[in-house]
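Here are my notes on this one, as promised. Have the model open while you read.

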Amino acid sequence: MNIFSVALAAILGIALIVIAGCSNDSSTGQSQSPGGQIAKRDANRLLGFGVTEGAVGYEVAFGEAKRAGIQFIELPQQWDDIETSPGVYDSPFLEMANEVYPTFDTGIVLSLNPIDTNALRLPAYLKGKAFDDSEVIAAFTRFVAFTIAGLPKARIVAISIGNEVDGNLGDDEIRWRQYRRFFTEVQTHIKVKLPDVPVGVKTTYSAITGDQRQLISELNAHADAVMVTYYPLDADFKVRPPSVVQDEIGSLVSLADGKPVHLLETGYPSGAANGSSEKLQADFVGNVFAAWDKFADDIPLVNIVWLYDMSPEEVAALTKYYSVDTPAFAGFLGTLGLKTHSGDDKLAFLELLKYAEGNK
(Lines give C-alpha, C1' and ligand atoms only; values in the text may rest on other atoms or scores of the structure.)
Protein backbone atom coordinates (compact mmCIF):
# COMPACT_ATOMS: atom_id res chain seq x y z
CA MET A 1 0.00 0.00 0.00
CA ASN A 2 1.22 3.50 -0.69
CA ILE A 3 -0.22 6.91 0.14
CA PHE A 4 1.00 8.55 -3.03
CA SER A 5 -1.26 11.60 -3.05
CA VAL A 6 -0.87 12.24 0.66
CA ALA A 7 2.90 12.10 0.49
CA LEU A 8 3.05 14.61 -2.33
CA ALA A 9 0.65 16.93 -0.57
CA ALA A 10 2.83 16.54 2.49
CA ILE A 11 5.83 18.10 0.80
CA LEU A 12 3.76 21.11 -0.07
CA GLY A 13 2.83 21.29 3.58
CA ILE A 14 6.44 21.18 4.72
CA ALA A 15 7.24 23.94 2.25
CA LEU A 16 4.78 26.06 4.18
CA ILE A 17 6.83 25.46 7.32
CA VAL A 18 9.90 26.85 5.60
CA ILE A 19 7.97 29.82 4.31
CA ALA A 20 6.65 30.41 7.82
CA GLY A 21 10.23 30.86 9.00
CA CYS A 22 11.26 27.65 10.71
CA SER A 23 15.05 27.34 10.61
CA ASN A 24 18.10 25.75 12.19
CA ASP A 25 18.70 26.28 15.89
CA SER A 26 21.85 28.35 16.06
CA SER A 27 22.76 27.09 19.51
CA THR A 28 22.63 23.39 18.69
CA GLY A 29 23.17 23.34 14.96
CA GLN A 30 20.21 20.97 14.64
CA SER A 31 17.18 21.59 12.52
CA GLN A 32 14.09 22.33 14.54
CA SER A 33 10.53 21.39 13.71
CA PRO A 34 7.34 23.05 14.95
CA GLY A 35 7.09 20.24 17.52
CA GLY A 36 10.39 21.19 19.15
CA GLN A 37 13.63 19.31 19.71
CA ILE A 38 14.23 16.36 17.41
CA ALA A 39 14.10 13.14 19.41
CA LYS A 40 17.42 11.31 19.64
CA ARG A 41 17.56 7.73 18.36
CA ASP A 42 20.19 5.18 17.47
CA ALA A 43 21.85 6.45 14.31
CA ASN A 44 22.17 2.89 13.05
CA ARG A 45 18.40 2.32 13.25
CA LEU A 46 16.19 4.74 11.37
CA LEU A 47 12.56 5.44 12.21
CA GLY A 48 10.09 6.77 9.65
CA PHE A 49 6.40 7.66 9.59
CA GLY A 50 3.77 7.97 6.94
CA VAL A 51 3.06 11.58 7.87
CA THR A 52 -0.59 12.09 7.09
CA GLU A 53 -1.81 15.51 8.16
CA GLY A 54 -5.29 14.81 9.49
CA ALA A 55 -7.30 17.92 10.22
CA VAL A 56 -4.41 19.70 11.92
CA GLY A 57 -2.37 20.67 8.84
CA TYR A 58 1.04 19.50 7.82
CA GLU A 59 3.07 21.94 9.91
CA VAL A 60 1.64 20.51 13.12
CA ALA A 61 1.73 16.93 11.83
CA PHE A 62 5.37 17.09 10.81
CA GLY A 63 6.25 18.66 14.16
CA GLU A 64 4.57 15.76 15.94
CA ALA A 65 6.49 13.32 13.79
CA LYS A 66 9.73 15.02 14.74
CA ARG A 67 8.79 14.92 18.40
CA ALA A 68 8.26 11.18 18.04
CA GLY A 69 11.67 10.68 16.45
CA ILE A 70 11.16 10.60 12.66
CA GLN A 71 14.43 10.28 10.76
CA PHE A 72 13.19 9.57 7.25
CA ILE A 73 10.08 9.82 5.13
CA GLU A 74 9.02 7.84 2.09
CA LEU A 75 8.69 9.74 -1.18
CA PRO A 76 6.71 7.71 -3.74
CA GLN A 77 7.02 8.63 -7.41
CA GLN A 78 4.48 6.98 -9.70
CA TRP A 79 6.16 6.63 -13.08
CA ASP A 80 3.14 7.46 -15.25
CA ASP A 81 2.35 10.53 -13.13
CA ILE A 82 5.84 11.96 -13.63
CA GLU A 83 6.58 11.07 -17.27
CA THR A 84 3.69 12.90 -18.86
CA SER A 85 4.83 12.13 -22.42
CA PRO A 86 7.88 10.31 -23.80
CA GLY A 87 10.96 11.86 -22.17
CA VAL A 88 8.97 14.72 -20.60
CA TYR A 89 8.86 14.80 -16.78
CA ASP A 90 6.84 16.92 -14.38
CA SER A 91 7.51 16.60 -10.64
CA PRO A 92 7.61 19.98 -8.89
CA PHE A 93 7.66 18.12 -5.57
CA LEU A 94 11.24 17.01 -6.13
CA GLU A 95 12.54 20.55 -5.86
CA MET A 96 10.56 21.11 -2.67
CA ALA A 97 11.77 17.83 -1.17
CA ASN A 98 15.36 18.68 -2.06
CA GLU A 99 15.12 22.00 -0.23
CA VAL A 100 12.93 21.06 2.72
CA TYR A 101 13.85 17.60 3.97
CA PRO A 102 17.58 18.36 4.43
CA THR A 103 16.60 21.44 6.42
CA PHE A 104 14.95 19.21 8.98
CA ASP A 105 17.59 16.46 8.92
CA THR A 106 15.11 14.01 7.41
CA GLY A 107 16.22 11.35 4.98
CA ILE A 108 14.21 10.04 2.04
CA VAL A 109 13.28 6.52 1.01
CA LEU A 110 12.47 6.73 -2.68
CA SER A 111 9.76 4.48 -4.06
CA LEU A 112 10.07 4.64 -7.85
CA ASN A 113 7.01 2.78 -8.98
CA PRO A 114 6.33 1.04 -12.28
CA ILE A 115 3.94 -1.03 -10.12
CA ASP A 116 1.93 0.24 -7.16
CA THR A 117 0.30 -2.76 -5.45
CA ASN A 118 -2.31 -3.94 -7.97
CA ALA A 119 -1.88 -0.96 -10.33
CA LEU A 120 0.46 -0.92 -13.33
CA ARG A 121 2.07 2.53 -13.54
CA LEU A 122 3.83 2.42 -16.92
CA PRO A 123 3.40 5.54 -19.08
CA ALA A 124 0.80 5.14 -21.81
CA TYR A 125 3.34 4.83 -24.63
CA LEU A 126 4.83 1.73 -22.98
CA LYS A 127 1.62 -0.08 -22.06
CA GLY A 128 1.55 -3.65 -23.29
CA LYS A 129 5.33 -4.04 -23.32
CA ALA A 130 7.13 -6.52 -21.07
CA PHE A 131 9.22 -5.18 -18.20
CA ASP A 132 12.41 -6.60 -19.70
CA ASP A 133 11.77 -4.94 -23.04
CA SER A 134 14.80 -2.79 -23.82
CA GLU A 135 12.59 0.25 -24.44
CA VAL A 136 10.96 -0.09 -21.00
CA ILE A 137 14.30 -0.49 -19.25
CA ALA A 138 15.84 2.49 -21.06
CA ALA A 139 12.81 4.67 -20.33
CA PHE A 140 12.74 3.78 -16.65
CA THR A 141 16.45 4.42 -16.19
CA ARG A 142 15.91 7.89 -17.68
CA PHE A 143 13.08 8.41 -15.18
CA VAL A 144 15.41 7.30 -12.37
CA ALA A 145 18.14 9.66 -13.57
CA PHE A 146 15.65 12.55 -13.64
CA THR A 147 14.53 11.80 -10.08
CA ILE A 148 18.01 11.46 -8.61
CA ALA A 149 19.19 14.61 -10.39
CA GLY A 150 16.31 16.48 -8.73
CA LEU A 151 17.52 15.59 -5.22
CA PRO A 152 21.18 16.70 -5.05
CA LYS A 153 20.93 17.93 -1.44
CA ALA A 154 18.78 15.10 -0.12
CA ARG A 155 20.01 12.18 1.95
CA ILE A 156 18.60 9.18 0.11
CA VAL A 157 18.34 6.32 2.60
CA ALA A 158 17.11 3.56 0.28
CA ILE A 159 15.37 3.06 -3.06
CA SER A 160 12.56 0.65 -3.81
CA ILE A 161 11.79 -0.20 -7.43
CA GLY A 162 8.07 -0.79 -7.16
CA ASN A 163 5.59 -0.96 -4.31
CA GLU A 164 4.06 -4.32 -3.29
CA VAL A 165 4.76 -5.66 -6.76
CA ASP A 166 3.35 -9.08 -5.91
CA GLY A 167 -0.12 -7.51 -6.06
CA ASN A 168 0.27 -7.00 -9.81
CA LEU A 169 2.65 -9.79 -10.80
CA GLY A 170 0.56 -12.44 -9.08
CA ASP A 171 1.64 -16.01 -9.77
CA ASP A 172 2.83 -15.35 -13.32
CA GLU A 173 6.34 -16.81 -13.36
CA ILE A 174 7.11 -15.28 -16.74
CA ARG A 175 6.27 -11.76 -15.57
CA TRP A 176 8.27 -12.26 -12.37
CA ARG A 177 11.26 -13.32 -14.48
CA GLN A 178 10.80 -10.26 -16.69
CA TYR A 179 10.57 -8.00 -13.67
CA ARG A 180 13.71 -9.56 -12.19
CA ARG A 181 15.66 -8.74 -15.37
CA PHE A 182 14.20 -5.25 -15.37
CA PHE A 183 15.18 -4.74 -11.72
CA THR A 184 18.77 -5.91 -12.13
CA GLU A 185 19.30 -3.54 -15.08
CA VAL A 186 17.81 -0.61 -13.16
CA GLN A 187 19.78 -1.44 -10.03
CA THR A 188 23.03 -1.43 -11.98
CA HIS A 189 22.18 2.01 -13.33
CA ILE A 190 21.43 3.37 -9.84
CA LYS A 191 24.62 1.95 -8.35
CA VAL A 192 26.72 3.98 -10.77
CA LYS A 193 25.21 7.16 -9.32
CA LEU A 194 24.53 6.06 -5.73
CA PRO A 195 26.83 3.14 -4.94
CA ASP A 196 26.15 3.13 -1.20
CA VAL A 197 22.35 3.35 -1.31
CA PRO A 198 20.55 0.00 -0.87
CA VAL A 199 18.21 -0.83 -3.73
CA GLY A 200 15.42 -3.39 -3.56
CA VAL A 201 11.77 -4.11 -4.33
CA LYS A 202 8.87 -3.77 -1.91
CA THR A 203 6.72 -6.88 -1.51
CA THR A 204 4.09 -7.81 1.07
CA TYR A 205 4.60 -9.98 4.13
CA SER A 206 1.84 -12.35 3.04
CA ALA A 207 3.54 -12.92 -0.32
CA ILE A 208 7.09 -13.28 0.97
CA THR A 209 5.97 -15.88 3.48
CA GLY A 210 3.28 -17.49 1.28
CA ASP A 211 2.77 -18.97 -2.15
CA GLN A 212 4.97 -16.38 -3.92
CA ARG A 213 7.87 -17.01 -1.57
CA GLN A 214 10.15 -18.65 -4.14
CA LEU A 215 9.46 -16.02 -6.82
CA ILE A 216 10.25 -13.22 -4.38
CA SER A 217 13.33 -15.02 -3.11
CA GLU A 218 14.69 -15.22 -6.65
CA LEU A 219 14.10 -11.48 -7.07
CA ASN A 220 15.58 -10.57 -3.68
CA ALA A 221 18.70 -12.58 -4.48
CA HIS A 222 19.68 -9.57 -6.60
CA ALA A 223 18.56 -6.89 -4.11
CA ASP A 224 20.66 -5.15 -1.48
CA ALA A 225 17.92 -5.52 1.12
CA VAL A 226 14.65 -7.37 1.58
CA MET A 227 12.00 -4.62 1.48
CA VAL A 228 8.66 -5.53 3.01
CA THR A 229 5.28 -4.10 3.97
CA TYR A 230 3.86 -5.72 7.10
CA TYR A 231 0.32 -5.39 8.38
CA PRO A 232 -0.73 -8.32 10.61
CA LEU A 233 -4.12 -8.85 9.01
CA ASP A 234 -6.01 -11.83 7.69
CA ALA A 235 -7.38 -11.86 4.15
CA ASP A 236 -10.62 -10.27 5.35
CA PHE A 237 -8.67 -7.33 6.89
CA LYS A 238 -9.34 -8.52 10.44
CA VAL A 239 -6.34 -8.05 12.73
CA ARG A 240 -4.23 -10.84 14.08
CA PRO A 241 -3.28 -10.50 17.76
CA PRO A 242 -0.30 -8.21 18.42
CA SER A 243 1.44 -11.13 20.09
CA VAL A 244 2.25 -12.57 16.64
CA VAL A 245 4.43 -9.60 15.70
CA GLN A 246 7.75 -10.75 17.10
CA ASP A 247 7.51 -14.23 15.58
CA GLU A 248 6.34 -12.90 12.20
CA ILE A 249 9.09 -10.29 12.02
CA GLY A 250 11.50 -13.03 13.05
CA SER A 251 10.30 -15.11 10.10
CA LEU A 252 11.09 -12.21 7.76
CA VAL A 253 14.61 -12.04 9.14
CA SER A 254 15.09 -15.79 8.71
CA LEU A 255 13.84 -15.65 5.10
CA ALA A 256 16.18 -12.77 4.23
CA ASP A 257 19.22 -15.06 3.97
CA GLY A 258 21.42 -12.65 5.87
CA LYS A 259 20.34 -9.54 3.99
CA PRO A 260 19.03 -6.54 5.93
CA VAL A 261 15.26 -6.29 6.25
CA HIS A 262 13.75 -2.89 5.48
CA LEU A 263 10.31 -2.72 7.09
CA LEU A 264 9.13 0.02 4.74
CA GLU A 265 5.53 -0.03 5.90
CA THR A 266 4.05 -1.43 9.06
CA GLY A 267 0.79 -0.54 10.73
CA TYR A 268 -2.27 -1.78 12.60
CA PRO A 269 -5.78 -0.35 12.48
CA SER A 270 -7.70 0.48 15.63
CA GLY A 271 -11.20 0.14 14.17
CA ALA A 272 -13.97 -2.20 15.27
CA ALA A 273 -14.58 -3.19 11.63
CA ASN A 274 -11.18 -4.87 11.77
CA GLY A 275 -11.79 -6.55 15.11
CA SER A 276 -9.39 -4.12 16.71
CA SER A 277 -9.23 -1.39 19.33
CA GLU A 278 -6.90 1.37 20.51
CA LYS A 279 -5.48 -1.01 23.11
CA LEU A 280 -4.63 -3.64 20.50
CA GLN A 281 -3.06 -0.99 18.27
CA ALA A 282 -0.92 0.23 21.17
CA ASP A 283 0.15 -3.34 21.93
CA PHE A 284 1.15 -3.69 18.28
CA VAL A 285 3.42 -0.63 18.53
CA GLY A 286 5.07 -2.03 21.65
CA ASN A 287 5.62 -5.38 19.96
CA VAL A 288 7.13 -3.77 16.85
CA PHE A 289 9.73 -1.97 18.96
CA ALA A 290 10.40 -5.10 21.01
CA ALA A 291 10.99 -7.03 17.77
CA TRP A 292 13.21 -4.25 16.49
CA ASP A 293 15.31 -4.48 19.65
CA LYS A 294 15.51 -8.26 19.27
CA PHE A 295 16.58 -8.06 15.63
CA ALA A 296 18.45 -4.77 15.80
CA ASP A 297 21.34 -6.02 13.68
CA ASP A 298 19.01 -7.26 10.95
CA ILE A 299 16.52 -4.40 10.59
CA PRO A 300 18.14 -1.01 9.90
CA LEU A 301 14.89 0.88 9.42
CA VAL A 302 11.19 0.79 10.22
CA ASN A 303 8.49 2.99 8.68
CA ILE A 304 5.24 3.23 10.68
CA VAL A 305 1.98 3.93 8.81
CA TRP A 306 0.23 6.33 9.54
CA LEU A 307 0.47 9.31 11.87
CA TYR A 308 -3.13 10.64 11.58
CA ASP A 309 -6.28 8.84 10.53
CA MET A 310 -7.60 9.55 7.04
CA SER A 311 -10.77 11.53 6.45
CA PRO A 312 -13.80 9.71 5.00
CA GLU A 313 -13.13 11.47 1.68
CA GLU A 314 -9.52 10.24 1.60
CA VAL A 315 -10.63 6.72 2.49
CA ALA A 316 -13.18 6.77 -0.34
CA ALA A 317 -10.54 7.88 -2.83
CA LEU A 318 -8.14 5.13 -1.75
CA THR A 319 -10.73 2.35 -1.80
CA LYS A 320 -11.57 3.40 -5.35
CA TYR A 321 -7.88 3.45 -6.34
CA TYR A 322 -7.26 -0.04 -4.95
CA SER A 323 -10.64 -1.33 -6.20
CA VAL A 324 -11.47 -2.86 -2.84
CA ASP A 325 -14.81 -1.65 -1.53
CA THR A 326 -15.55 -3.44 1.74
CA PRO A 327 -16.27 -2.02 5.22
CA ALA A 328 -13.25 -3.82 6.66
CA PHE A 329 -10.86 -2.39 4.05
CA ALA A 330 -12.31 1.10 4.58
CA GLY A 331 -11.94 0.60 8.33
CA PHE A 332 -8.34 -0.45 7.84
CA LEU A 333 -7.52 2.66 5.81
CA GLY A 334 -9.50 4.93 8.10
CA THR A 335 -8.04 3.88 11.46
CA LEU A 336 -4.37 3.15 10.74
CA GLY A 337 -3.31 6.46 12.29
CA LEU A 338 -1.62 6.70 15.67
CA LYS A 339 -3.76 9.79 16.15
CA THR A 340 -7.36 10.51 15.23
CA HIS A 341 -8.13 12.62 12.18
CA SER A 342 -9.01 15.56 14.44
CA GLY A 343 -5.64 15.31 16.18
CA ASP A 344 -6.27 13.48 19.46
CA ASP A 345 -3.63 11.02 20.63
CA LYS A 346 -4.56 7.37 20.47
CA LEU A 347 -3.03 4.96 22.94
CA ALA A 348 -0.65 3.85 20.18
CA PHE A 349 0.92 7.30 19.89
CA LEU A 350 1.45 7.47 23.64
CA GLU A 351 3.06 4.04 23.45
CA LEU A 352 5.29 5.23 20.62
CA LEU A 353 6.53 8.20 22.63
CA LYS A 354 7.96 5.81 25.22
CA TYR A 355 10.42 4.69 22.55
CA ALA A 356 11.13 8.06 20.91
CA GLU A 357 14.39 8.48 22.82
CA GLY A 358 14.99 4.81 23.51
CA ASN A 359 13.14 4.83 26.84
CA LYS A 360 11.08 1.79 27.74
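The points below cover a helix pair and then a strand with its neighbours.

1. Ground rules first: this is a predicted model, with local features needing pLDDT of at least 70, side-chain atom pairs counting only at pLDDT 80 or more, and totals for chains, interfaces and linings using all residues. Residues are numbered from 1 along each chain as its sequence is written, and side-chain values use heavy atoms, with hydrogens and water left out.

2. Take helix α7 (residues 173-193) and helix α9 (residues 213-220): they pack at about 15°, axes 10 Å apart. α7 and α9 are therefore roughly parallel (angles under 35 degrees count as such). The crossing of α7 past α9 is right-handed.

3. Who touches whom? On the α7 side we have Glu 173, Trp 176, Tyr 179, Arg 180 and Phe 183, and they meet Leu 215, Ile 216, Glu 218 and Leu 219 in α9 (contact means heavy atoms within 4.5 Å). That set splits into six nonpolar, no polar and three charged residues.

4. Now strand β10 (residues 226-230): five of its five residues are buried, so β10 is largely enclosed by the rest of the structure (buried means under 20% relative accessible area, with a 1.4 Å probe and protein chains only). Val 226, Val 228 and Tyr 230 point one way, Met 227 and Thr 229 the other.

5. β10 has parallel partners: strand β9 (residues 202-204) through three bridges, and strand β11 (residues 261-266) through five. Pairing takes at least two bridges found by DSSP. Look at Met 227: this β10 residue is the bridge partner of Lys 202, and the partner of Met 227 in β11 is His 262.

Conventions: Axes fitted to C-alpha atoms, helices over the stretch in contact; angles between N-to-C directions. Helix = DSSP H or I, 4+ residues; strand = E, 2+ residues; numbered from the N terminus. Parallel < 35°, antiparallel > 145°, perpendicular 65-115°, else oblique. Left-handed = near helix turned anticlockwise from the far one by under 90°. Nonpolar A, V, L, I, M, F, W, Y, C, P; charged D, E, K, R; others polar. Buried < 20%, exposed > 50% of the residue type's maximum accessible area, 1.4 Å probe, protein only.
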